[in-house]
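Have a look at the structure first, then read on.

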Amino acid sequence: MAWKHTYEDMLKKAYKLLPKVTAKDSRFEIPKVHGRLQGNKTIITNFNQISNHLRREESHFLKFMLRELATTGEVGSGTATFMGKHSPASLNLKVEKYVKEFVLCKQCGKPDTELIVEKGTTFKRCEACGSRTSVRSIK
Ligand SMILES: [Zn+2]
């Protein structure tokens, strides 16, 4: 039936116009923080593991976390130590924020991106769809 055919085509077109995104659809899982308190410090014990999973430099990830948590800290052997007590919930929120801002592609939602710096501007370049968006630089 011609009508049905057209209708299906319309649906297909409508689907194409929808953004395919969201972290859930791309089957990319945002890693959860494993942490513990030590006195007045918070230690993320899988810090290195998370940055490897996100394919981001530990130092970049650390700078982001320090800025977000408004505290000081440092990376150790695979871990990161932050001054102050930070709940796992708030740490996980920051990781999610980092992933959305610096890892997932704005266009296609895939995590196959890399950060490149050009003329002082940082871009998130997507290997899956080729799109490039500027992101804030964290110093
Ligand atoms: Zn993309």
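## Sheets and a helix

Strands E5, E6 and E7 make an open, antiparallel sheet of three, in that order (strands are DSSP runs of E with at least two residues, helices runs of H or I with at least four, numbered from the N terminus; two strands pair if DSSP finds at least two bridges between them). At the edges sit E5 (113–118) and E7 (132–135), each pairing on one side only.

A word on the source: this is a predicted model, where local features need pLDDT of at least 70, side-chain atom pairs count only at pLDDT 80 or more, and totals for chains, interfaces and linings use all residues. Residues are numbered from 1 along each chain as its sequence is written.

| Strands | Bridges | Example partners |
|---|---|---|
| E6 and E7 | four bridges | arginine 125 and arginine 132 |
| E2 and E4 | four bridges | isoleucine 43 and threonine 81 |
| E3 and E4 | three bridges | valine 75 and alanine 80 |

Now for helix H2 (residues 47–54): Phe47, Ile50, Ser51 and Leu54 are buried. Seen down the axis of H2, these buried residues fall within an arc of 95 degrees, so they line one face of the helix (the arc is that of the directions from the helix axis to the C-beta atoms). Just after H2, arginine 55 has a positive phi of about 55 degrees.

Notes:
Buried ≥ 20, exposed ≤ 12 C-beta atoms within 10 Å, placed from the backbone.
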